[in-house]
Amino acid sequence: MGNRGASTLLLLFCFFFFSINLVPSALAIWLTVPTSGTKCVSEEIQHNVVVLADYVVIPSDHSQNPTIAVKVTSPYGNNLHHMENTTHGNIAFTTQEAGNYLACFWVDSHTQGGGEVNVNLDWRIGIAAKDWDSVARKEKIEGVELELRKLEGAVEAIHENLLYLKGREAEMRIVSEKTNARVAWFSIMSLGICITVSGLQLWYLKRFFQKKKLI
């Protein structure tokens, strides 16, 4: 009985670590922002997902302290975060619509002469953005019970992600069907026009040869 319980627990842990790779998680990005221009990163996120991010400037020369400007926009162009003349900051929001969320970084105008700027971006969404330490303290859980709660959250995130992908697949199928229908009608119209033009050409040539008394 004990071996069966240990095997079940091992399978649960294996499924947990496997499922973590299937859901949105943390992503650390090292960006090199040019002195002129903008460096942007984007990610497609579904509706009602918590997004947390931290960014910090890593100066290449200790004698300089470059500053950057940061702007995060939603798929519809809404401004979610905008900071200027900063070296570090935090981003926190809950998505209101599904689509590509864009985070852009550029060097402030008064520090553009100092060369490229390196920025470390720690981007977390979904279950990775949840503070499990606070959950454990609030609900007074630890050990296996806490891991099971994480597993439950991962399963819910996978389910929501699959529903989102299913919806996107249905939308793409509808668009594809409409496109195929339009192409089919266009092909039929093109064929009809070609047949009509060919018939008119034959009729014109026949009358021309008849007038010339060649036939």
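The model is predicted: local features need pLDDT of at least 70, side-chain atom pairs count only at pLDDT 80 or more, and totals for chains, interfaces and linings use all residues. Residues are numbered from 1 along each chain as its sequence is written, and side-chain values use heavy atoms, with hydrogens and water left out.

A search of the whole structure gives 5 salt bridges. The term means a side-chain nitrogen of Lys or Arg within 4 Å of a carboxyl oxygen of Asp or Glu.

Start with Arg168 and Glu44. Their side chains form a salt bridge at 2.1 Å, N to O. Arg168 sits in helix H3 (residues 144–211) and Glu44 in strand S2 (residues 39–45), so the pair ties together parts 124 residues apart in sequence. Helices (H or I, at least four residues) and strands (E, at least two) are DSSP runs, numbered from the N terminus. Arg168 is partly exposed, at 29% relative accessible area. Glu44 is also partly exposed, at 39%. Here buried means under 20% relative accessible area, exposed over 50%, and partly exposed in between (1.4 Å probe, protein chains only).

Now turn to Arg124. Its side chain meets that of Asp54 in a salt bridge of 3.4 Å, N to O. This pair links distant parts of the chain: Arg124 in strand S8 (residues 117–125) and Asp54 in strand S3 (residues 50–58), 70 residues apart. Arg124 is buried, at 19%. Asp54 is partly exposed, at 30%.

Arg124 also forms a salt bridge with Asp122, at 2.9 Å, N to O. Asp122 is partly exposed, at 26%. Elsewhere, salt bridges with shared partners join Glu44, Arg168 and Glu171 into one network.
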